[in-house]
Every structure is written in C-alpha cells, then in structure tokens.
Amino acid sequence: MQLTDRLRIRDVVIPLRARPSDASAQSLGQVIADLDSLNHDTEQGFLSIGGKLSQFMQTVSVISSELAALANAEHGQQASQALTHALDRATEIRAAHGSSDRGLAGMRHEVGLLKRTLSGFQETVSTFRTLGLLTRIETARLGSTGTDFSDLADDVSLLAGQVHAKVASALSIADSLIPPIESAMREISTLEAGQTKDLPALISGTLASLSSFRDVQDRAHESSDRLGAQYGNISDAFKKLIVSIQFHDITRQQVEHVIEVLRRLNSESGKVDGNPSSHPRGTSAVLALQSAQLADAEKKFRASVESVEHNLEGIAMHVLEMANESRALSGVREDGKGSFFLPMEQDCGAILRSLGDTANAESAMRSTRKGLAETIDRMNSPIQEILQIETKMRMMALNARISAFHLGADGSALDVLASSVQELASECRERSDLLVVSLGSMSETATRSRDEAGQDPGGVPGNEGGCMDELSIAVKDLHSATEQSFALISQIVARGDCLAEDLVSTRKEFSVGTLFAEAVTRARGSMQEIGDKSQSGLLSDESEESESGLADFMSLYTMQAELDVHESVTRVATGSVPAEWNSSPSGNAEELGDNVEFF
Amino acid sequence: MSIAPVELFEWTPEFAVHVPDIDQEHQNWFRAMNRLHEAMLAGRGVEILGTLLAELTKFTMNHFANEEKLMATVHYPEMLAHIQQHEDLRRRVSEVEARFERGETAITIELMLLLSDWLRNHEIVIDRRFGDYVQVDRSFAAYLESLLHGDLRGCGLIVQRLLAEGISFKELYLNLFQRAMYRTGELWMKNEISVAIEHLATTITLSMMSLTHPTLFNTPRSGKKAVVTCVGGELHQVGAQMISDTFDFLGWDSFFLGANTPVDGLLELLADKQPDVLCLSVSINSHIRRFKETVKKTHAHFPGLDILAGGQAFLHYSAEANRNPHLQFLHSLDELEAWIATRKTTDSRS
C-alpha cells in the first residue's frame, strides 16, 4: 500500500445508509464542537508554555552571565595592593613617630632647663635692685661728689626692671610651650595607636577577608563551571520541551482529522433519504475508526504532556539548585541577618574610621607643631632684649668704675658696687647664652618636627598623606566592589527563586493533560453511542464487507503514519533519506496529502 | 548582553494589609529598597545613602505614627509589642543616620540587611497580622449582628470574604469567632438574649469554622496526632473545636470527639489512635470533678501521655499542674501554638 493511500482519509468515507436519528446528529455536532474547543484549549496551553520558553531561557542565560561576572570580578585587586603597601608603610610610620616622639620629649626637657635658667634671672634682677639701692645710698653719702653716680642708681633700677619684664615675658612664653608639646606627644600616641597598631590589625583583617572572598570567587568559578554543565542540562531540557510541544502538533492534527471526518459524516447525513438526521451507511465503522484515532491521539498527547511536565520539573529543579548554590556563595544566613559580606563592609568601615581619626590627629599635630615653632621664635625676642640690656649694664658698670676710680678712696665703695653690677651682667650673659643655645636646639627640633608633619608619614616630601589617601580611596573602592558583589548575588538568588517559582507555577497551570483525556473520553463515548445506534439499522450483508475493509484500514490508519512522514522529512532535511522514500513517486510534500503539515 | 536588574523586593497583593494608606507607605518602602539595591548593583550605594536615610527617618516618623494611631483606634491587643518594634527600628535607623553624619559611608550592606530583616520579620509578618486584625475588626459588628439574628448566610458571606482576602485562620478564630462568642456569652449572662439565641450562635460559629477547613487541610502534615474532646457532661464544644483546628492547621492530625465524651469511650479511642497528646476542654466549673476523673483514668492506662487542659473553667485553676508533669493548662491559642512549637523543637533535638 502506498503511503498516500494510507493518508487520504476522504476516500475512506463510504456513503452507507443508516436509519435516521435526530439525537445522534445533535450528538455528533456536539462532539465536533467539543473537539474543536479541545484543540483550541490545548493549543492555548502549549502556546502559553511556548511563549514563556524564551523568557525562561533568557533568565537562565542572564543568571549564568551574572554568576560568571561575579566569578571574574576584579574584586579588590587594587585594594589588596594598597592594603599591602599601607601595611609596609606602617613600619616606617612607627619609626618616624618614634623619632618625632623622642624629639618632642627632648624639647620638653629643654623647656624645663629654659625655665630654670629664666628663674635664675629673677634672682639676678633682685640683686640688681639691691645694688641700685646701695648705689643710691652711697651716692647720697657722697653728697655733691657723688652726683655723677645718681644716674647709675636710676639706670641699674631701670634695667633691672626691664630684665624682670623680659624674663617674665620669656617665662610666660616658656610656660605656653609645655601644653602644645604635651598635646603633640599625645597626638603622636594617638597616631601610634591608630596608624601603627589598630590600622595594621584592621588591614590584616581585611586582607584575610579578601582572601576569603577569593575563596568565594573560586567557588563561584566552580559554580560557574558546574552551572555551565547545568545550563547545558537546562538547555537540553528546554529542547526536549520544544520537541514535546511540537509533538503536540501531531495530536492536534489527529484531532483535526477526526473533526474533518465527523464534519463530512455530518454533512453526508440525510443526503440519501432526505432526512437530515439519517447517517450514511458505514457510520459505525467510521466512528470506530475515528474513536481509535482519538485514543491514539490521547495516548500520544498524554506522553507529550508527561514529557512537558517532566521537563519543566527538571528545569525547575536545576534552577533551584543554581539559586541555592548562589545563596551559599553569599553566605547569607537563612534568617537573612548576616552575610559573608557584612564583616567585609565592617572592616572597610573600621579602616576608613581609623584613617579619618589619623587624618584628624595628623592635622591637629601639624597645627601644634607649627604653633610650637612660632612660639619658640617668639621667645627669641625677649632673650635678645635681655642680651642687649646685659650689654648696656656692662657698659654702664664700666663707666661707673672709671668714675669711681677718679674719686679715689671716696669712690672705692662705688667701685665695689659697679664691679658687682659688672659681674652680674656677666652672669646674665652666661645665662642668656645658655638660653640662646637651648632655644636654638628647641627651634631646630620644632622646625624638623614641623617639616616632618608637613610630609607623608613615610617621609616622602611633597606627598602629604599620599599613602593614607591612596589607602582611603582603595578601601572605598573595595567597599563599592563588595556592595556590588553582595547586590549581584542577591539578584542572582532572586532571579533563580523567581524563575523556579514561575516554572513550578507554569507546571501547575499546565492542566491540558486532564482536559484532553476527559474530552477524548467524552467524545469517544458519544461516538460509540452514535455508532451503536447507527449499527443497529444496517443490513448485515451490506455491512460485513465494508466493515471488514474498514477494520483493515483502521489497523493501518493511525497518525503514526504522519509522524513517520514528519520524521522522514526531518531526515531528508538532515541528509538521511530512507530508500523507500527515494523510490516513492510521492516524494514531494504536495503529494503527501492535504492533511500533512511540515513543521 | 545587557543584564536587566531584577526588582529584588516586589510588593504583591499578598503583602497588603488592606489599609490603603499603610499599603501605600509599604509600597514606598519597597521602592526605596529597590533603589538602594540598584545603586549597590552599580557600586554606588553610598551616593543615595543621604536621601535614603532621610526618607527612612521620615518613614519611621510618619508611617509609624499612622500605624500607632490606628492601633489605638481599633484597640489592637498587640499594640505595645508592635510599638516596641517600631521603637527598635527608629533607634537603629537613628544610629545608622548618626554614623552617616559622622562620615561613615561603608554601611550600605548593613543597611540593606537591616531593612530586609525588617521587611521579612515586621512588615510581612507583624504588619500583616495587624492588617488582618483591622479587617476582622471592621467586619466584627456586622458579623455579630448576623450571628445574633441567626443569619447563617450573612455570617458565611463575611467569613468567605475575609478568607478570600487571605485573613489568617488564627485571626478569624481569635478575633471573630471567639470574640463574637464571648460577646454572645456576655449578652446571655445579662439576659439580653435567650439561651436559644446563644445555642444558635454556637451552631452558626461551628459552621463558620468549617469554612476554614480547606485551608487547614492544605498544610503539610507532621505525622503527629492529637485527640481533642470535652469531658463527660460538658456541652460547650466551640473552644475544643478551635483547639482541634489549630492542631490541624499546624500540621497535626487531630481527632475531635466533640461534646460530652464518656471516659470509657475516650480510653478506647486513645488505645486505637495512640495520640501524642490528649486535649481536654472544660467550660463549666462543675465539670472539673469529671475532668479530674478523666485525667486519673487516662494516666492509669497511658502513663506517659501528655494532657493539655483548657477552657473557661481553668482560667484561674492550675492546682493539678504542679503535681503532674504530664498535665498542662493552656489559657490561649497562643499558648497552644507555643506548646506545639516547643514539641517540634524537642523532636528536632532528639
């Protein structure tokens, strides 16, 4: 039998006579309507899944891309380098601070000496005043002879007063030096704690977190690889799903065939005897044949639906695995209260806080050191003035001694007083020299300290705070990358969950299997009933031959034939052509019959 | 390929508390969190922190004030605990804001986790419970009127509407059925309604409870069994039915024997069903003697069987409990829920 013979259904409907039946005509019409509606509904069900397929596949592809992006993110590479760099610099910073601290301690010692020296001046001033008084007494005793010395008494008192004032000023300045020195030392201590103790610990912690994150990335890589395989499985499952959906097309065509035959049967009704309710002869056999078609379609449809459901479940399972794997990557606890990324963020925050504190302490220390140098400079002025007064005193004492010498014996007492002034002036000179040396030393320390404060803690001039700024920027970048990864993983998890939920809900909504089975059972029942009624009105001799022929045909006629065509055509398309097809005269699509569709 | 960001926090009607202003504010909250997520995804969370924290502060001021006002208006029983949670979030948001103002910016992940936690545990659970209460409260007067008029259909329509809105089983039981029955009891005691009306209300309530059963049976089963009954002579069975339904709702298989169960029959059933717990309900004080007899006989036959006792008769009675480690008195459905949860924990440990 030729393939075309097996497919041309119109030739099979043999007009036979049957007894009229209104009820059966109505039933047949109802069956046709039901089957039409069934085809429409199942088509909608499959179309609904088909419509979602591309969306599902796109989502899986996006999840895959996002996971790969996470695995390949250059997360914290720059930060890692900056952190390591900062850790190295912390040792240098500690050394720089140690030297600075020692300098300030020395300066505090110098200020102590300075104050003691200045206090020594106060005694000198008192002696000067006594000498002034004695000079005034001696001058008065000499009467007119000592007139020249009255100026000496006034000058000594005046200069003593000036020295007193300058010393008081210098002492006040010296007193004001102590608080900034101590403040600077405290700031150094803060910096010491922050930069050289806390910060390295924080940096080490962050480096450890970064290392842990790399582990996460490694796992993300592995997950990504596994996802690759998983994605392959999902894609295969999707392909199977598409095949299952295409397969439904065959059953749809089977049902269409049945509808077509039933329509023809319905249209043939009444043509023989003019009664619209009478069916042609052979109706029973035709209906039995179509019922068999429907049974076969139902079997194929069930297999197709089961396959769709199975594939959807499989995809949902894979997607859930992917989502769970992503959730594990983020380290987010089930209660959502913690995440691997939280300690990373806290480390970044602590480093930035420490850097902020350090910057504030640095700024305060810079200002303190600058003030210190200025204060020391200010102290130079009264000491220089003391030096000038001391010079004046020595000159004045020298003149007094000359005058006393001219007075002879009367002037001996005044000579003693003048030489005492001279000695005191020399003592003043010595003290002043000591002050100058001390101030010079302090000034040098303060200047060095000020210059150091204006530099990068590592000691690179012109790169103020460069290392810390670099670290701050790197840590901010690290935090930005951390929040990005956190958000990305959250997104991957959310996408996976949504997709899995969508798949499960699609699977639940896919109820066409039951619908189809129920409709086919109903239709077959009706067809059986109509066939039975029709059969009871036939002449046995006429029917036997036809029924036998139809039974033979029924055994051959199933839509499996169409499936064979479909598969063969597919093989043709891929270059594998069965021999029987090559020899068939009906090798083109048009000759396969009207009921064959290529898809 | 451009990767479209996903709405991490999607407000769906299931989060609705059915109070339009509150729902609107919750949706704003969801939107704010999605904005934070989007900014974080671009690594620019810090840029919107200032605005977001300002919004959060405004939210905690206005939204919480609105909720608290409404809670006071409807006399919400869990108001204090709810306000405590508001205070907690206000404090935590203030702390984060103060840190931000001090210059701390590495706080986006912490903020996101804080807000998600709030969303998960407060808005979805606690606010939803409040929303359910408001819905039930708004329907209470109409329900009670229908109940006292014996209007089964009227009551049924209200309950069906509430079920369709997704009102929880517990809310319906506590704040509709139980509250209405307590009110009915009060009216009967004041002689404002007849005993016939009170009985009618009882039968209607039992019918209404059966409307929730499809929901109860959908919950996953734990494999545990409870037998729930009223002691011999006790005819008030609504409370016992609530206990039985609660067991079912929480995944237990409950066998409800109804009113006036004789001890011998109960013992036979216990031997047959081998439950994990027996619950005895007593509403009238005069039945406490029967209750004691039932407990004694039950423990004689089933020495290790836990017995839970509840009902109006035990509101101020717990003398037996001190002497019997297998007997506990429960005074509310919350206590029953807690007991079941404890049992679950014990089982998971063992």
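Before we turn to that part, what is the mean pLDDT of chain A, and what share of its residues reach 70 or more?

A: Start with confidence, since this is a predicted model. Chain A has a mean pLDDT of 69, and 64% of its residues reach 70 or more. Helix H1 (residues 3-7) of chain A has the lowest mean pLDDT of them, 30. Helix H9 (residues 512-535) of chain A has the highest, 79. Two stretches of chain A call for care. Over residues 456-464 of chain A, pLDDT stays under 50, and the model has 20 contacts beyond four places in sequence for them. Residues 568-599 of chain A also stay under 50, with 34 such contacts in the model.

Now chain B. Its pLDDT averages 87, and 94% of its residues score at least 70. Among its elements, strand S1 (residues 225-231) of chain B has the highest mean pLDDT, 95. Helix H12 (residues 319-323) of chain B has the lowest, 58.

What is chain B built from? It has 13 helices and five strands. The chain has 350 residues, and 34% of them count as buried. Look next at its contacts between residues at least 6 apart in sequence. Of these, 72% join residues at least 24 apart.

The crossing of H2(B) and H3(B) is left-handed. Which residues make the contact? From H2(B) come B:Leu49, B:Leu53, B:Leu56, B:Thr57, B:Thr60, B:Phe64, B:Glu68, B:Met71 and B:Ala72. From H3(B) come B:Met79, B:His82, B:Ile83, B:His86, B:Leu89, B:Arg90, B:Val93, B:Val96, B:Glu97 and B:Phe100. Sorted by class, this contact has twelve nonpolar, four polar and three charged residues.

The second pair is helix H1 (residues 20-41) of chain B with helix H4 (residues 108-148) of chain B. Here the axes come within 11 Å and cross at roughly 150°. H1(B) and H4(B) are therefore roughly antiparallel to each other. H1(B) passes H4(B) in a left-handed crossing. On the H1(B) side are B:His26, B:Met33, B:Leu36 and B:Met40. They meet B:Thr108, B:Met112, B:Leu115, B:Leu119 and B:Glu123 in H4(B). By class, the contact of H1(B) with H4(B) has six nonpolar residues, two polar and one charged.

Last, step back to the partner. How many residues of chain A are in contact with chain B? The model has 28, and they touch 21 residues of chain B. Three helices of chain A give two or more residues each to this side: H2 (22-72), H6 (341-407) and H8 (466-509). H8(A) makes the largest share, with 14 residues. The side of chain A that touches chain B has eleven nonpolar, eleven polar and six charged residues. For the complex, the predictor gives an ipTM of 0.71 and a pTM of 0.63.

Technical notes. Residues are numbered from 1 along each chain as its sequence is written. Chains are lettered from A and ligands numbered from 1 in the order in which they are written. This is a predicted model: local features need pLDDT of at least 70, side-chain atom pairs count only at pLDDT 80 or more; totals for chains, interfaces and linings use all residues. Helices (H or I, at least four residues) and strands (E, at least two) are DSSP runs, numbered from the N terminus. A residue is buried if 20 or more other C-beta atoms lie within 10 Å of its own, exposed if 12 or fewer, and partly exposed in between; C-beta atoms are placed from the backbone. Two residues are in contact if their C-beta atoms, placed from the backbone, lie within 7 Å. Ala, Val, Leu, Ile, Met, Phe, Trp, Tyr, Cys and Pro count as nonpolar, Asp, Glu, Lys and Arg as charged, and the others, Gly among them, as polar. A crossing is left-handed if the near helix is turned anticlockwise from the far one by less than a right angle, and right-handed if clockwise. Axes are lines fitted to C-alpha atoms, for helices over the stretch in contact, and angles run from 0 to 180 degrees between N-to-C directions. Angles under 35 degrees count as roughly parallel, over 145 as roughly antiparallel, 65 to 115 as roughly perpendicular and the rest as oblique. pLDDT is the predictor's confidence in each residue, from 0 to 100.
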